[in-house]
Amino acid sequence: MMTDIETSASLHQYGFMKNLSPQQHKRNVFFATFFAAQVSGLLMVVLIIVWAINGNNASGTHVGGIGPFLSFYYHPVLMTIGMVFLTGQGAMLFRVLTRVDRNILKIPHLLLMSTVTILTALGTYAIFVAQADVTPMRDLHDWVGLLTIILFGVQFIFGFLAKFYPGASPPLAQWYRPVHNFMGALVFVLACASALTGLALDGEKDFSTNGSISKAAGLFTICFAICVVVLVVNRDFARTSWTTSKSEERSPLLTNAVLTSSNRGYTAIE
Ligand code: HEM
């Protein structure tokens, strides 16, 4: 068995670590994961759209709807772009733009989540309209999806009240921040579970072109979910002394910084 020192020495010898400091190593892992998130997220969105267009062309108007949402396929497209892709982007925002003050980042975060709210409302309306002639809420997917939508709504309302208007008192805001972050990650994971159960329900169960596209879309959804969760829950990628803007270092937002047991300095509880 190689010791840690021997392993590290052989990695240096083969040029894998190139004498990177732990900080540089962290940054590299961070950016590689972020890049993978963007690639898999974009592929997921593109594949869902291609799958929807192919499916729609093959099946005509796909029954029973009224108004503009005649096709069932609006639902998966709107939900995937909103609940999965944009929620994931909103969650990663604070991890990526670490030089931008957290108070400023609240604005694009709110805009992203407002867009998700609109797309979710349209996507949910679309499925109820398109499936008006079948029994509602008859599948597990329907219930997972409904739970996700309700939790997203609760998270949006509390986030708005605490962080925008009227704003929570400092002790309450400090207590609420990790709750908001945990709930955000939970809603995102549930959204991915909803999308996957939806694809399992209605994706073609064969190896036709569209069947393969729907399965690939599902696999890229899983890749996107893993990358986002790694970036969001990993303490190493939290806004710390090595990433935080100067003005934030002085702001009371970092009063919940804790000393970690290692010599990395403090890590803010995000
Ligand atoms: C975050 C993503 C999603 C959420 C929150 C969500 C939510 C919902 C909800 C609440 C319903 C119930 C509507 C009703 O009973 O009439 C539903 C139905 C449905 N969804 Fe989704 N959905 C999502 C993504 C998807 C995706 C990606 C697909 C892909 C095919 C899909 C396919 C379906 C189908 C086929 C139904 C009708 C099921 C039935 O006939 O009972 N959904 N969805």
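The secondary structure of the protein chain comprises eight helices and two strands. The model is a predicted one. Along the sequence, the elements follow the order α-α-α-α-α-α-α-α-β-β. The protein chain has 270 residues, and 28% of them count as buried.

The packing of two helices was examined next. Helix 2 spans residues 22-59, and helix 7 spans residues 209-233. Their axes come within 8 Å and cross at roughly 150°. Angles over 145 degrees count as roughly antiparallel, so helix 2 is roughly antiparallel to helix 7. The crossing of helix 2 and helix 7 is left-handed. The contact between helix 2 and helix 7 holds 19 nonpolar and eight polar residues.

The largest nonpolar core contains 44 residues. Within this core, Met44, Ile48, Ala217 and Val228 touch the most other members. Several helices contribute to the core. Helix 2, helix 3, helix 4, helix 5, helix 6 and helix 7 each supply at least two of its residues. Helix 3 provides the largest share, ten residues. In soluble globular proteins, nonpolar side chains tend to be buried together.

The model also contains a ligand, surrounded by 28 residues. The closest are Pro76, Met79, Met83, Gly145 and Gly198. Four helices each supply at least two residues of the shell around the ligand: helix 3 (74-96), helix 4 (102-130), helix 5 (140-163) and helix 6 (170-202). Helix 6 gives the most, with seven residues. By class, the shell around the ligand divides into 15 nonpolar, nine polar and four charged residues.

Ala200 is found in helix 6. Ala200 has 15 C-beta neighbours inside 10 Å. A buried residue needs 20 or more such neighbours, and an exposed one has 12 or fewer. Ala200 therefore counts as partly exposed. Ala200 can also be placed relative to His141. These two residues are 59 residues apart along the chain.

How values were computed. Residues are numbered from 1 along each chain as its sequence is written. This is a predicted model: local features need pLDDT of at least 70, side-chain atom pairs count only at pLDDT 80 or more; totals for chains, interfaces and linings use all residues. Axes are lines fitted to C-alpha atoms, for helices over the stretch in contact, and angles run from 0 to 180 degrees between N-to-C directions. Angles under 35 degrees count as roughly parallel, over 145 as roughly antiparallel, 65 to 115 as roughly perpendicular and the rest as oblique. A crossing is left-handed if the near helix is turned anticlockwise from the far one by less than a right angle, and right-handed if clockwise. Ala, Val, Leu, Ile, Met, Phe, Trp, Tyr, Cys and Pro count as nonpolar, Asp, Glu, Lys and Arg as charged, and the others, Gly among them, as polar. A residue is near a molecule or strand if its C-beta atom, placed from the backbone, lies within 6 Å of it. A nonpolar core is a set of buried Ala, Val, Leu, Ile, Met, Phe, Trp, Tyr and Cys residues joined through C-beta atoms within 7 Å.
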